[in-house]
Amino acid sequence: MAGSGESARTTAASPPGPPPGFGEGAPPDNALHALGFEFTRITGSEVLGRLAVTETCCQPFKILNGGVSALMAESTASIGGYMASGYRRVAGVQLSVNHLKPARLGDRIEAKANPIQVGRNVQVWEVQIWLLDPNTSEHKDLVSSARVTLLTNLSTPEEMKSYEKGIKKYAKL
């Protein structure tokens, strides 16, 4: 910084820790939480959650942004995969999303993630995103269908072990 006598470079810092708010009191996924996504069921065999389609989630034409659908798919599959793998760190390696019908501003949608294959090293999950009937909250139209492939043989860094407690809290919804 000019005139302060400090170098713009800092000395070797310790490795970054968990994200702020990470652990028991944090939501299962910060990005989805920021959009208003609410998890309603979390297990190793099914993950469910709902989202109100707001301006934040829409493209300029007041239709759900496809990137939000992709985020919902990868996040719900990853959380389910994390639980199904015995709380081992997972990483998405393939995501394929088909956008079938629009969800419009003001609609409510639900993501439902289920495993197709749960192996020691690789898992494959199917995620369906449904438009909810405003009167009954039943599935009305399939908005998106996704397939997510996860690596599941990754070790979990010690500083991230608190995430397991947070997920277990949400799993008891």
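Residues are numbered from 1 along each chain as its sequence is written. Because the model is predicted, local features need pLDDT of at least 70, side-chain atom pairs count only at pLDDT 80 or more, totals for chains, interfaces and linings use all residues, and side-chain values use heavy atoms, with hydrogens and water left out.

**Stop 1: the strands.** Select β4, residues 108-118. Strands here are DSSP runs of E, at least two residues, and helices are runs of H or I, at least four, both numbered from the N terminus. Two strands pair if DSSP finds at least two bridges between them. Click Ala-52; its bridge partner in β4 is Arg-108.

Asn-114 stands opposite Glu-126 in β5. Follow the chain from β4 to β5: a hairpin of three residues joins them.

**Stop 2: the helix.** Select α3, residues 162-171. Its buried residues (under 20% relative accessible area, 1.4 Å probe, protein chains only) are Tyr-163, Gly-166, Ile-167 and Tyr-170. They cover an arc of only 100° around the axis, so they sit on the same side of α3. The arc is taken from the directions from the helix axis to the C-beta atoms. Show β1 (38-42) and α2 (66-84): the buried residues of α3 pack against both, with contact meaning heavy atoms within 4.5 Å.

**Stop 3: the cysteines.** Select Cys-57 and Cys-58. The structure holds zero disulfides (cysteine sulfur pairs within 2.5 Å). For Cys-57, the nearest cysteine sulfur is that of Cys-58, 6.5 Å away. Cys-57 counts as buried at 0% relative accessibility. Cys-58 is buried too, at 14%.

Technical notes: Buried means under 20% relative accessible area, exposed over 50%, partly exposed in between (1.4 Å probe, protein chains only).
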